[in-house]
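Please open the structure in your viewer and keep the selection panel at hand.

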Amino acid sequence: MTAAERQPENQVVIFDTTLRDGEQSPGASMSLEEKIRIARLLEEMRVDVIEAGFPIASNGDFEAVREIGRIVKTSTVAGLARANPRDIDRCAEALALAERKRIHTFISTSPLHMKFKLQMEPEQVHARVAESVTRARNLCDDVEWSAEDGSRTDPDFLCRCVETAIKNGARTVNIPDTVGYAVPEEFGAMIRSLLERVPNIDQAVVSVHCHNDLGLAVANSLAGVQNGARQIECTINGLGERAGNAALEEVVMALRTRHDRMPFVTGIQTEHIMKASRLVSAITGFVVQPNKAIVGANAFAHESGIHQDGMLKHAGTYEIMTPESIGLNKSSLVIGKHSGRAAFRTKLQELGYELGDNAFEDAFVRMKELADRKKEVFDADIVALVDDEIGHQADRIQLVELEVWAGTRIGRQKAALVIQIDGEQHETTAQGNGPVDAIFNGIKELFPHDARLQLYQVHAVTAGTDAQAEVTVRLEENGKTVNGQGADADTLVASCRAYIHALNKLMDKRHKSAPAALSA
Ligand code: KIV
Ligand code: ZN
C-alpha cells in the first residue's frame, strides 16, 4: 500500500516545524528542555509529524532530535538533512531511538538557487535527488523530499524531480514557497499540475510549506490543500524564518470552521492551541500581537456596544468559533488564598499541567504568595507562575533575595542582591542608571560574563496594576543567543529572575552546542 493510499482521502497531515524552521528565527533559540516541553505538548495536541531539528547543524540540534525521538511515542519525529551523505547519516543517527521517524531531505530546485547558492547544473541537482532519497530510504522507511524554492522552480523540472524522488522511495513530496512569493491561485495551480502531470504521484503525499513574506502563508497552504495537497507544514504562532511560516492554529481552525468550503479534517485536538501558543511565546520571547487571528488577546474580545449587545443575544452574531474550541475555558474553579492543594491540583490539571511532588509544592507556595498580593488569581497567572517554576528548576544560579531603590533622585538607584551559585551564596549592592540597570550590574558583578543584552521585554500577564509581570531577557555570546524568562508580581524581581535564567541557559549552551560546518 502506498503512503497516499494509507491516508483517508480528506485527511490533512499536520507537520509542525516550530522546533526547526521556527527556531531559525533570529533570537528564537530554545534549550533542550524547552524543546522537549513543546514537543510533549505538540504530541498531546496530536500533531502528526514533529520536525525536531536539523541534526548536522549543531550538537544541540542533534541532541534535541535524539531526545524528542526517544520521548515522543505517537507523533512521527522528523529530522532535516541536506542532500548529502553526511547530513543524511547524521539525521538517521539522531533518529535512532524514535518509534516513528522520518528523514526530511531537501535540495534547491529553482534556477536562482541552483546557479548561485548550489553552483550546480540542473542535471547534477536531479541526480542528487535520486542519490539522497535512496540513501535516506536505506536508513529509514519514511522519507520526505523537499524542493527548496519550489514555487520559483521551472514546472517541468519540478515534475521531473518530484517523480524521481517518489521513484526512489520518498513517501512525502513537499513543495515549499521558501521566500513567501507565491499567491494562492498560482500556488494552488502548481500543486494541481503536479497531481495531474507526475505519473507516480499517487504513491506519495503532496505537502506544502509556505512562508509568510507577503502575509499569504495560510492562504497559500489552504489553496494547496484545495488542489490536492494532504500535508501542511506549519508552526505555532507562525514562528519561522523572516516573516515566519503558516500558523498551525490558523490553518487548523480555518479547516475546522469552514468545513463547508474545505471538506478536510486534521487530527489536531484544538483545545490545546492556546496553551501551545502561550508556551512558545513565553519560551522565545516573541510576543503574540493582540489582534493575531485565533490566539491574539483580542481574538475573542468584544469591545463595541453593538457587538456586546449582539453577543449577549446570541454568541454566533460575532463569534465564528467558540473560545473553548481553542482552550480558552471559562473555568468554574476560582483559585484564591483559601484554596487548598486538591483544588490547586485540579486547576493545574484543567490547565494541562501534571507536576511532580516537589514542583507542585513549590508552585503551591508561590500561588499562595501571589494570592496574598493580588486580588484575583487568573488562569493566566497560574500558567505564568507554573511555567516560571518549571523553567527554573535545574538552574545553577538562583535568586535568593533582592531589594531595590528607585525614584527621581539621580544616583540613588541601586540593588542589593543575594544569589546562589552552585549552592554557595554571594551578595553585593550595585548602582545603575535605573533599578533594572542596577540589578543587571549586580548580577554581572557576582557572575562576571561578556554576554550582551539584546532584548529586555516586559509583558503584563493580566490587566490591572497588581498584574504579574512576565519578563524576557535575551543574551548573546559569540553569536549564540538565549532567552531567559521570569514571572513575578514585582516587575523588578521578574527582571532579575529572567536575567539569571538567561545566564543559566548560556552556561548550558556553552557545554552543549559545538557548531558544525554547514557547507553544501
Ligand atoms: O522554506 C524552506 O524551503 C524550508 C525547507 C528546508 C523545507 O524550510
Ligand atoms: Zn521553511
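The stops below concern the domains, one interface, a metal site and a strand residue.

**Domains.** Please note at the outset that this is a predicted model. Colour the chain by its domains: domain 1 spans 11-284, domain 2 spans 296-327, domain 3 spans 331-390 and domain 4 spans 394-510.

**Domain 1 against domain 3.** Select domain 1 and domain 3 together; their centres, taken over C-alpha atoms, are separated by 37 Å. On the side of domain 1, 4 residues are in contact with 8 residues of domain 3. The area buried between the two domains is about 480 Å², of which 47% is on carbon and sulfur atoms. Within domain 1, display Arg37, Lys275 and Arg278, which lose the most area to domain 3 and together account for 87% of what that side buries.

**Polar links across this interface.** How many salt bridges does the rule find across the interface of domain 1 and domain 3? There are 2 salt bridges, and 2 residue pairs are in polar contact, with both residues at pLDDT 80 or more. Next select helix H11, residues 273-284, which gives the most to the side of domain 1 that touches domain 3, with 3 residues. By class, that side of domain 1 has 1 nonpolar, no polar and 3 charged residues. Then show the side chains of Arg278 and Asp387, which meet in a salt bridge at 3.4 Å, N to O.

**The zinc ion.** Move to ligand 2 and display its surroundings. Which residues coordinate the zinc ion? The donors are Asp21 through OD, His209 through NE2 and His211 through NE2, at 2.0 to 2.1 Å. Along the chain, the donors follow the spacing D-x187-H-x1-H. Asp21 lies in the loop between strand E1 (13-16) and helix H2 (32-44), whereas His209 lies in strand E7 (residues 205-210), so this pair ties together parts that are 188 residues apart in sequence.

**Ala416.** Finally, select strand E10, residues 414-421, where Ala416 is found. Leaving aside neighbours within four places in sequence, Ala416 is in contact with Glu401, Leu402, Glu403, Trp405, Thr428 and Thr429.

Definitions and conventions. Residues numbered from 1 in each chain as written. Chains lettered and ligands numbered in written order. Predicted model: local features only at pLDDT ≥ 70, side-chain atom pairs only at ≥ 80, totals over all residues. Heavy atoms only, no water. Domains from an automatic or database assignment. Contact = heavy atoms within 4.5 Å. Buried area = accessible area lost by both parts, 1.4 Å probe. Salt bridge = Lys/Arg side-chain N within 4 Å of Asp/Glu carboxyl O. Polar contact = N/O pair within 3.5 Å; in protein donor to acceptor, adjacent residues only side chain to side chain. Helix = DSSP H or I, 4+ residues; strand = E, 2+ residues; numbered from the N terminus. Nonpolar A, V, L, I, M, F, W, Y, C, P; charged D, E, K, R; others polar. Donors = N, O, S within 2.8 Å, 3.2 Å for Na, K, Ca; no water.
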